[in-house]
Amino acid sequence: MVAYDSPSYGLTSIGGADMEGLAAAHKSLLVLAPDVEPKAGALTGPKLPIDSDFKKNTVAMAAPIFAALDAMATPGLVVCKSGRRARVVIAAWACVRQGGDADAACAYLRSTNDLDAEKEHWVRGVIAAHTVGATNPLVFRQLFECESNTYTYLLADGATRDAVLIDP
């Protein structure tokens, strides 16, 4: 069984108000709220804001967040204002990384009262865009280059492994 909860991955999803008290017990930090500073005690980390109104978020926004989650030292803090965005993002990321299915990830988020129609639409879109398999042979990755502040896109066929990089 695939776990979608934060502790299974050495991550803690919290609201910004709880950040300072937990910082000493963690090695890394990722902030998802636009109005929360990416610093807690001695921890600093990237700020990759995602809107609490998931209708405003795009599937492409997940790629740099997933890359940051992949790079985090554990135990790590994933912070937003209430902790809900963090749980939604971690569940989608865990599903993609562990090969789970969107139905199971959404069921987990429903059990934590963190899922509404907009979040479910985003989670399912992100999982479909980042999962390669019989039902989705297309590989799409958005790569962010910090120094030039630009994006490059990878499109590939999951079956043949033919690929193209788009660097506008």
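Reply: Start with F54. In this predicted model, F54 counts as buried because its relative accessibility is 4%, under the 20% cut-off. W122 also counts as buried, at 2% relative accessibility. F54 and W122 form an aromatic pair. The geometry is edge-to-face, with 5.3 Å centre to centre and 70 degrees between the planes. This pair links distant parts of the chain. F54 lies in the loop between β4 (43-44) and α2, W122 lies in helix α5, and 68 residues separate them.

Leaving aside neighbours within four places in sequence, W122 is in contact with I50, F54, N57, T58, V59, A62, V88, V89 and A92.

W122 also belongs to the largest nonpolar core, which has 45 residues. L32, L69, V78 and W122 touch the most other members. At least two core residues come from each of β1 (11-15), β2 (28-31), α2 (62-71), β5 (76-80), α3 (84-98), α4 (102-111) and α5 (117-130). The top contributor is α3, with 10 residues.

Next, the strands. β2 and β5 pair in the parallel sense over 4 bridges. V78 in β5 is the bridge partner of L30. In a regular strand, side chains alternate between the two faces of the sheet. Both faces of β2 are covered. S28 and L30 are buried on one side, L29 and V31 on the other.

Terms used
Residues are numbered from 1 along each chain as its sequence is written. This is a predicted model: local features need pLDDT of at least 70, side-chain atom pairs count only at pLDDT 80 or more; totals for chains, interfaces and linings use all residues. Side-chain values use heavy atoms; hydrogens and water are left out. A nonpolar core is a set of buried Ala, Val, Leu, Ile, Met, Phe, Trp, Tyr and Cys residues joined through side-chain atoms within 4.5 Å. Buried means under 20% relative accessible area, exposed over 50%, partly exposed in between (1.4 Å probe, protein chains only). Contact means heavy atoms within 4.5 Å. Two strands pair if DSSP finds at least two bridges between them. Rings of Phe, Tyr and Trp (its six-membered ring) pair if their centres lie within 6.5 Å; planes under 30 degrees apart count as stacked, over 60 as edge-to-face and the rest as tilted.
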